[in-house]
Amino acid sequence: MIVTPTTVANAGTGDPVGRDPHTFLKRYFGYDQFRPMQEAIIRSVVGGRDTVVLMPTGGGKSVCFQIPALMLPGITVVVSPLIALMKDQVEGLTLNGIPAAFLNSTQSSREQRKIEDDCIKGRLKLLYTSPEKLLSESFYIFLKQLNISLFAIDEAHCISSWGHDFRPEYTQLNVLRQNFPEVPMVALTATADKLTRQDIASRLGMIDPEVFVASFNRPNLSLQVLPGINRLQQIVRLLQLKPDTSGIIYCLSRKSTESLAAKLQEKGLMAGFYHAGMSNTERSMVQEMFLKDDIRIMCATIAFGMGIDKSNVRWVIHYNMPKNMEGFYQEIGRAGRDGSPADTVLFYSFADVATYKEMLNDAKPANLGVQLAKLERIQQYADANTCRRRILLSYFSEELTDPCGNCDVCRNPRITFDATVLAQKALSAIVRTGERVPMNLLIDILRGSRSQMVLQYGYDKVKTYGVGKDLKFEDWRNYLHQLINVGVIEIAYDQHYALKKGILGDAVLFEGRKIELVRPEDVTKPVVEKARTRTQQTKDDLYARLDVLRKAVAGEQNVPPYVIFTDTTLEDMARQRPTTPDGLRNVSGVGERKLQLFGRRFLDVIVEYVRGQAKDGGSTRGSTQVLTLELFQRGLTIEAIAAERNLTTITVIGHLFALKNAGYDLPLEDLVTPQERAEIEQAIGLVKPENNALKPVYEHLGGRFSYDAIRITMGLMES
Ligand code: ADP
Ligand code: ZN
C-alpha cells in the first residue's frame, strides 16, 4: 500500500501497545506535535509492519524509528552508512536521555566489547552500526544474543543500483530477513525516485510493506533566482542581511571555492572552503569548525554536506547553476532542517549552462539525452516567471494548488513590458559589428561610450552607436541576459564570448516578433528576511545571549551547538521568555533530560535579561512587574503573590495586564469563568464607569462579584 500526503488521514489509528507516541515525543524530544506522517509511520512500525519511509531531508525521519525503539521492548539496530552521522545521532540521543551507542571500525576493541556487553545486558535502546560490520560472522553471533525489536535501515536508497548513491555492501542486507525473519524492518530515505523505492523493499526482502511518501515541500525554505552577474557583490549584500548565521555557497570547481572564500575573507567575512582535493584531515577539520559555528560561511563543492545533519544551516547559495533538479533539491535541502525560515539563492548564468553542455557533449555519456533534458528542466526553473515552488514540486510529481508566497516570483510579481524595440537595438548593434563583440563592449557601443576599444575599432561609426543611451549600463546587462535566456541572443563561448543572433533573432529583427522582458528591479530584489522590527530586535538581543550560552554549553559537552538546542528552540525560548522550569518545558524542543541538564542555566540568562530590561525601562515599576511575573509563572495565585509582595491584589492584576500588553503570553482569561466575564462585561457596558472606576460596576452588580473579577474583566476587554 502506498500512502500519500492526502491518504494518510485515513490511516489506521490503533495503538498496539496501548501507549501514546505523543508522550514519548514530548518527554524525550520536547516537541508538542508530530510533523506530517510521523505518527502514522510510528504506528505502522510499532505494529510490527515492514515500513518504507520517503521523506525529504529535514522532514524528521529519525524520530520515526527512535520513538518505536523507545516503545518496543528490546533493542533497535540502526544501519547507517556514514560514521560521522552515527556519532552525531548518538550524541543527540544521549543528551535527550535515550540510551544509545554505535559500533564501528573507528573504536578500539575494548570500547566495542563494553558496548556489546551493554547491548547483551539490555542497557541500550538503540545500536547504530555500519553495513560492513553487520555482515561479519562474529557480529552475527553477537546479534543472535540480543532481543532485537526492529531493524532501521537509514539512507536506504544506497541499497538500490538505481539510486544515486549505490553502495555494494548494502545489497547484502537481505541476510537480515533471512537470519531474523521475525524482526520487522523500517527503511528510510530522502530519495523520491519510484524505481528506487520499489527496489528497496524487494532487496530487503520486505513482506507487504507499508510505504509512506511524505510531501517534498519545505515551506520554510525561501526560493530565489538571481542573475549571475556581480555575484560577489550580491552575495556580500545578502550576507549582510543575515549576520551571524551559518550557510553554504556551492561552487562548481575546487579552485572557485578557494578564491571565493578568500574574497569573502577580504571583506571581513568568516568564510572557509571545502572540496575533495583537500586531505582527509583538512576536510574533517573545516567540517568540524562549520558544525561548531566557528566558520559560518562554507564555500564548497557538492562533496560537502553528505555526512552532516547540522540543523541550523540558515541559507544555501548556488554560485553556479546545478546540473539537475535532484541535485539542486538535495543541496538546498541542507538548509533549515530545524524548521525555522531559511533562504536559498541560485545564481543563474548562461555561461554555466554552456559549460555543462560542452562537458556533456565532450564526454558523450550513454544517457546524454536524459542529462540534457534534465539540464533544461533546471533552466526552466531558473527562467520561470511563475511560482518557483510549483515548478520544483511538479518535478517531483507533486502539485501545489496555491502559489507559495515564499519565492522571489511570488514576493515580487513580475511586471513585463514590451521590449521589442530594445531587443531590436541590441540585435542590430550585434549584426552591424559583425557578431564579434562581447557583452561589455556591446553595451558601450549601445550607450555611446567613448572608450578606447570603441574608438580603436571605429565602433563609434556604426549606425546603432548610442541608440541605447537612455539605459544604465547595469540595466543593459540585465536585459541582455534575459534576451539570451529567451533565445534572442546567443553567446559564442568558443569565440571570446562574442554575442550573436539567437534562434529568435531574425524573427525579432524582420518579422515583428514581440518580446516581453521583466524590469531589473523585480528580478534583483532579495527576498531574504531583512529590516527587523523593534520587538524583534529586543528578541534578538535575548536570542544572542542564549546563543552565547548554547555555544558555551556545547563546548563543555564537546558537541555542536545545534545538538544542545536547535535555532527553533532558541527562538521559541526568546519569544516565550520562561522564568521557571515549567515555563521552559513548554518551549518546543526542551525535553526532560535537557531541562534537567541545562535548564537552570538557560533560565538564569532569561531572568537576568528580563530584569535588565525592566531596569532599562527607567522605572522601578518595570522591575516590580518582573517580580510579579516570576511568581505568577511559578504558579502562585494572585492572592499569594499579593501576600508575598505585600501589595494589593488589584495592583498585582494591574502588573499582569501591563505585562500581557507588553507582549508576554499570560493565560489571564482563565482567571474568570466565561459566565462571570459575560455578566460583568454587560454591567460595564451599561455603567460606562469613568476612568475605569471599579466601584460603580461593583455596586451595579449588587456586590455579587469581587473587585478582582471586575478588574480582570476590564483588563481582558482592553487587551
Ligand atoms: P531527516 O533525517 O529527515 O533529515 P531529522 O530526523 O534530522 O530529519 O529531523 C530534522 C529536525 O527536525 C531535527 O532537528 C529534529 O529534531 C526536528 N524534528 C523532528 N520531528 C519534529 C517534530 N515533530 N516537531 C519539531 N521538530 C521536529
Ligand atoms: Zn512561489
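A word on conventions before the details. Residues are numbered from 1 along each chain as its sequence is written, and chains are lettered from A and ligands numbered from 1 in the order in which they are written. Because the model is predicted, local features need pLDDT of at least 70 and side-chain atom pairs count only at pLDDT 80 or more, while totals for chains, interfaces and linings use all residues, and side-chain values use heavy atoms, with hydrogens and water left out.

Now to the helices, which are DSSP runs of H or I with at least four residues, numbered from the N terminus. Axes are lines fitted to C-alpha atoms over the stretch in contact, with angles from 0 to 180 degrees between N-to-C directions.

Helix α22 (residues 473-486) and helix α20 (residues 439-446) have axes that come within 10 Å and cross at roughly 120 degrees. That makes α20 oblique to α22, given that angles under 35 degrees count as roughly parallel, over 145 as roughly antiparallel, 65 to 115 as roughly perpendicular and the rest as oblique. In this contact (heavy atoms within 4.5 Å), M439, N440, L442, I443, D444 and L446 of α20 meet F473, W476, R477, L480, H481 and I484 of α22.

What angle do the axes of α19 and α22 make where they cross? The axes of helix α19 (residues 420-432) and α22 cross at roughly 90 degrees and come within 11 Å, so the two helices are roughly perpendicular to each other. Here L422, A423, K425 and A426 in α19 meet W476, Y479, L480 and L483 in α22.

Finally, the axes of helix α31 (residues 638-645) and helix α32 (residues 649-661) come within 9 Å, crossing at roughly 110 degrees, which makes α31 roughly perpendicular to α32. On the α31 side are I638, E639, I641, A642 and R645, which meet T649, V652, I653, H655 and L656 of α32.
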